[in-house]
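Please read them beside the coordinates.

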Amino acid sequence: MSYKIAQIRLVSSHPEVYQPCDDSFALVDALLSDRNNLLELKPMLCMEVGCGSGYVITSLMLMLGEEANGAQFIATDINHHAIRVTQETMESHRVYAELINTDVASGLENRLAGSVDLLVVNPPYVPTPEDEVGREGIASAWAGGDNGRSMIDKILPVAEKLLSRRGWLYMVTLTANNPSQICRQMMKKGYASKIVVQRSTVEESLHIIKFWKDNDIEADTNDTITNSKAVPLGIVDSVRSQIQRLSFWGSSDINTTTN
């Protein structure tokens, strides 16, 4: 069964705003593949960091539809042009979200701490010189610094603070970002992970990773991981093996298992 997502012809644009591309489509595909699980989660607060054109947040609202049971939606972007473009995209699709012009979630962390049930992020992940990170305009959408990790490493602690105990995070990463290391880093914070969508294009190899809090994972003050069921190592090994297999795949592989 197909579900509604944003129509490209109705997505607004601006020269200084990142337009929907392979990474945007892969992220929406990941959310679509997990739609039934998302409905079971019954998220009350959904948030996108870095909304750009509004394609992803609009698609999320459309695919969940009336079954979202009154969920609220928030989207942020450091680019003020992106806020206006997202507003126009939402209006053309007749959906609504609170839009905030800010860097990641600056000024919102205390207000939203522990309350976001669904967090979606397509971060600036392209490896660039560090001095390109945080520039104004469209560069803010893709410049990721050394190994493309500068903004990812900035966003992850914020995500950890924002997410509720049952919250899920979906994040776009590139092979150059070392997704396995990101998963190990989050595992130390008590998060399990899996790759929901993998997609290889001519220019890049994308991984959409889902993170969720796992009570079987504990991190002590020395960053020593203990797990009575030995699940985390398996999870990380699974992520690593999926990434290693990616070079042999030319199209997406969608995993729709629960969590």
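How do the residues of the lining of the second largest pocket divide into nonpolar, polar and charged?

1. They divide into five nonpolar, one polar and two charged. Here Ala, Val, Leu, Ile, Met, Phe, Trp, Tyr, Cys and Pro count as nonpolar, Asp, Glu, Lys and Arg as charged, and the others, Gly among them, as polar. The lining consists of Lys4, Met61, Leu62, Gly65, Glu66, Ala68, Phe73 and Val95.

2. This is a predicted model: local features need pLDDT of at least 70, side-chain atom pairs count only at pLDDT 80 or more, and totals for chains, interfaces and linings use all residues. Residues are numbered from 1 along each chain as its sequence is written, and side-chain values use heavy atoms, with hydrogens and water left out.

3. A pocket is, on a 1 Å grid over the protein atoms alone, an open set of points where a 1.4 Å probe fits, with protein on both sides within 12 Å along at least five of seven lines; lining residues have an atom within 4 Å of a point. The second largest pocket has a volume of about 170 Å³, and the largest has about 590 Å³.

4. The largest pocket is lined by 45 residues, with Gly50, Asn122, Pro124, Ser140 and Ala141 nearest its centre. By class, this lining has 23 nonpolar, 13 polar and nine charged residues.

5. The structure holds zero disulfides (pairs of cysteine sulfur atoms within 2.5 Å).

Note on methods:
Grid points are joined across faces, edges and corners, and a volume is the space filled by probe spheres set on the points.
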